[in-house]
Amino acid sequence: MTHIPTPPPRQAMTPEGDAGPGQGDFLRRLDAFFQCLAPCLDRSPAYREAGLPERLAAPERAVYFSVSYPGDDGRVHTAPCCFIQYTTALGPARCALTLDPALDAAGLKWQALSLSLENSLAGLPMGGAAAGAAIDPAALSQRESMAFCQRFITALAPFLTACGALEGRIPRREQGYLRGQLDRLAQPLPRLRRVFPDQGEQDRARGYGLCYFAQDVLRKTAGRLEGQAVAIGGHTGPAAWAGEKALQLGAMVTAIGGVSGCLQAPAGLPLALLRDMAKSPARPLASYASGTAGISFRPGMAVWDAGGDIYLPCDPACPLDEPGARAVLAHGAAVFQGQESACTPEAVRLLREAGALYVPSVAAACGAALLHSDPPEPGRRLRAGIRAVLARLWETARPAPPQDLTAAAYSAAFQSIAQATLEQGV
């Protein structure tokens, strides 16, 4: 029987302490992760003897701090901040940066672990980290934003020495202030080679890679993408690019949804519309139905209720939840998760217990990780990278690829990290 370690309680970024709403999700995700590793740990006693499960149950470093900055109202404001360095066994970390008033440290921990696994599975010699501040950039004036960003990156810089890349969905204004202050630091950060790489390129690689992955997995499991009805959760970022590539690969995108509702087209959305979605993230989803025959917008409707053969959850803002998972199972659909936290733990549990074809984002959405090892290329080289990842999964899942590729994805990613950790000693 494999021992599943219990991580220490979260140090919160808010006065609520360990009662933060994200901690339960984190613990459920972490427990599911270790359950998937049980066969791998049983086959390799050296992993347990070296305490690798316990060592991976908590990040290498977790730093909680606050940043104070002057406001236009004459008062001093303070934002709670956090840096999570999960593992650097494979190399310097990719650090995902988030500025969000609802940010919590538990979410950052899972994001950092997921990045570590995604990098490992993609063959990238990098670990995973996450950092953030509980603040809303849109609520700041130009002066307030500049003051906060300069102070924040200065406080964060000592911890970025372990990082090789800094990325994140940060507004362009804030990116400029953060990058400018990094350049002004007296001590440069030699390992930090990439700072805020083009978000559009990353989104396209993630969305395209998701569809390449789905196409190859379906072929391997006696299915197909061509001619199938695809429903996508989200309509900006990776979701929009996934819609474009799904159509190019022969599928029909019959529904695409966001927080506001669902856009439906029984005959499929046109390629021009999906391309506009990818390039115009600020455009409201409902506007695409105005005056267009065969396309309707359903306010408040979840995309999971629209029906489809294949579901691509790509937006944490409108995740596939438990009711959505029940709808997916009723349709007998396959699920390829296109972004971390785009499926709730309850939804994942239902899909896995029912034996649905489900692939987690660690595997299905590793296109963004592949950009760090290869120049941006939406076509041949990205596809070759996806096929290399699939080869690792098939090897781990032998003798035959299962419907649920979660265990294979987590085990394949864990093995590289575990081997590197063993070689480096305690």
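## A buried glutamine

Gln339 touches Arg169, Arg206, Pro238, Pro313, Cys314, Pro316, Ser361 and Ala365, leaving aside residues up to four places away in sequence. This is a predicted model. Gln339 sits in the loop between β12 and α11 (345-353). Its relative accessible area is 16%. Buried means under 20%, so Gln339 counts as buried.

## The sheet

Seven strands form an open sheet with mixed pairing. Their order is β10-β9-β8-β7-β11-β12-β13. At the edges are β10 (296-299) and β13 (358-359), and each of them pairs on one side only.

Strands β7 (residues 229-233) and β11 (residues 310-313) run parallel. Four bridges join them. Val230 has Ile310 as its bridge partner in β11. In general, strands of a sheet pair through backbone hydrogen bonds, either parallel or antiparallel.

## Helices on the sheet

Two helices are described here. Helix α7 (residues 199-220) packs on the sheet and touches β11, β12 (334-336) and β13. The direction of α7 makes about 145° with that of β12.

Helix α8 (residues 238-248) also packs on the sheet. Its contacts are with β7, β8 (252-257) and β11. The direction of α8 makes about 170° with that of β7.

## Two positive phi values

Phe196 is not a glycine, yet its phi is positive, at about 50°. Phe196 is placed in the loop between β6 (194-195) and α7. With a relative accessible area of 5%, Phe196 is buried.

Ser341 is another residue other than glycine with a positive phi, near 70°. The loop between β12 and α11 holds Ser341, and Gln339 is found in that loop too. Is Ser341 buried or partly exposed? Ser341 has a relative accessible area of 30%, so it is partly exposed.

## The second largest pocket

The second largest pocket has a volume of about 380 Å³. Its lining is made up of 21 residues. Nearest its centre lie Arg28, Ala32, Pro345, Val348 and Arg349.

Which elements give two or more residues to this lining? They are α1 (22-43), α11 and α15 (406-424). Helix α1 gives the most, with seven residues. By type, the lining residues of the second largest pocket divide into nine nonpolar, four polar and eight charged.

Definitions and conventions:
Residues are numbered from 1 along each chain as its sequence is written. This is a predicted model: local features need pLDDT of at least 70, side-chain atom pairs count only at pLDDT 80 or more; totals for chains, interfaces and linings use all residues. Side-chain values use heavy atoms; hydrogens and water are left out. Two strands pair if DSSP finds at least two bridges between them. Contact means heavy atoms within 4.5 Å. Axes are lines fitted to C-alpha atoms, for helices over the stretch in contact, and angles run from 0 to 180 degrees between N-to-C directions. Buried means under 20% relative accessible area, exposed over 50%, partly exposed in between (1.4 Å probe, protein chains only). On a 1 Å grid over the protein atoms alone, a cavity is a set of points where a 1.4 Å probe fits but cannot get out, and a pocket is an open set with protein on both sides within 12 Å along at least five of seven lines; lining residues have an atom within 4 Å of a point. Grid points are joined across faces, edges and corners, and a volume is the space filled by probe spheres set on the points. Ala, Val, Leu, Ile, Met, Phe, Trp, Tyr, Cys and Pro count as nonpolar, Asp, Glu, Lys and Arg as charged, and the others, Gly among them, as polar.
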